[in-house]
Amino acid sequence: MIPFLDLKAPYTELKAELDEAIARVVSSGWFIGGAEVEQFEAEYASYCGTDYAVGVANGLDALHLALRAMGVGPGDEVIVPSNTYIATWLAVSQCGAIPVPVEPDELTFNINPNFIESAITSRTKVILPVHLYGQPADLDPILEIARKHGLRVLEDGAQAHGASYRGRRLGAHGDAVAWSFYPGKNLGAMGDGGAVTTNDPKIADRLQVLRNYGSRVKYVNEIQGYNSRLDPLQAAILRVKLNYLDQWNSKRKKIAEIYSNDISRAKLVLPHVPEWVDPVWHLYVIRTGQRDFFQSKLNSAGVATLIHYPIPPHMQEAYGYMNFGSNVFPIASQMANEVLSLPMGPSLTEEDAKIVASIVNSVIHSV
């Protein structure tokens, strides 16, 4: 079986460095905040080319607290993609705000800037594009629309660590970027973790207060905050892995290149990459109207696959109260029925990738 993603491989590869980092934290006796977190924040901000990085407990908190730091509250509206993981929507709802879905570009899977302006109302506060599957959304027109209407832009970078848009690494094209360090991400911890990067000192300061019970001085609470702090153990692990992120992303790009060159396009839609982005291939997602057949055949042949994502947010029971019909967002719904993610990760070998491509082609010929 060729696994979808080998989560043990990074530890095997970096065992000595990771063990040392973990032992350093354990022996320090400092388990909340402290130097490891501060050093990771500085190093990740530098990597992203931003002034600030604020660590939090997970990717959902990064989105939620960033929206809070931007002043989003009950009754406000936030424009979100109709095609995304539900966390993007949940962060908006946790603010008491309303997610306003916009359909994706059929080629890139990302939010279509051409549809955004018509979704703006007097209650809109933020546009929240997602850099889905590791490929940056088209930010320039989004930022232009935001400036025109006096809106903030919060990017969801959970799948795009190290990706670039028009020659500049993601980090703060908009007002802020929310990151997840879930273990399966390109930069993944050994547990949950998250961060927000920004060049806005007011947003960074607000986040630092919000993540720590609304307090910057112990027992002095300025606002009603949250307990959402990046663990020093995870910060130490991320500091080690950050040194290898570009190398690992390069391996992902090679796997994607093999897939794109070797897999037949006769009955499949392969990923489209605009010339103005440099994706990091968190996922390699194909489309087919016979998705379930393909997945079954690939699994039988020893190739593990996943579906990202089988149910779009507007069709989830969690958002049933919004009374979206099944045909309201047809592009997102069609994608949910057709997408299939092939094995991807830095531990996948080029030989593995060629085997996957060969098996995919054999399934195509059997249709």
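Hi everyone, let's begin with the lining of the largest cavity: by class it has 10 nonpolar, four polar and no charged residues. Here Ala, Val, Leu, Ile, Met, Phe, Trp, Tyr, Cys and Pro count as nonpolar, Asp, Glu, Lys and Arg as charged, and the others, Gly among them, as polar. Please keep in mind that this is a predicted model, where local features need pLDDT of at least 70 and side-chain atom pairs pLDDT 80 or more, while totals for chains, interfaces and linings use all residues. Residues are numbered from 1 along each chain as its sequence is written, and side-chain values use heavy atoms, leaving out hydrogens and water.

A cavity is a set of points on a 1 Å grid over the protein atoms alone where a 1.4 Å probe fits but cannot get out, and lining residues have an atom within 4 Å of a point. How many cavities of 30 Å³ or more are there? The count is two.

The largest cavity has a volume of about 110 Å³, a volume being the space filled by probe spheres set on the points. Of its 14 lining residues, Phe-109, Tyr-133, Gln-135, Pro-271 and Trp-281 lie nearest the centre.

The second largest cavity holds about 40 Å³. Its lining includes Ser-82, Asn-83, Tyr-309 and Ala-336, and by class has five nonpolar, three polar and no charged residues.

Phe-31 sits in the loop between α2 (15-28) and α3 (35-48), helices being DSSP runs (H or I) of at least four residues, numbered from the N terminus.

Conventions. On a 1 Å grid over the protein atoms alone, a cavity is a set of points where a 1.4 Å probe fits but cannot get out, and a pocket is an open set with protein on both sides within 12 Å along at least five of seven lines; lining residues have an atom within 4 Å of a point. Helices (H or I, at least four residues) and strands (E, at least two) are DSSP runs, numbered from the N terminus.
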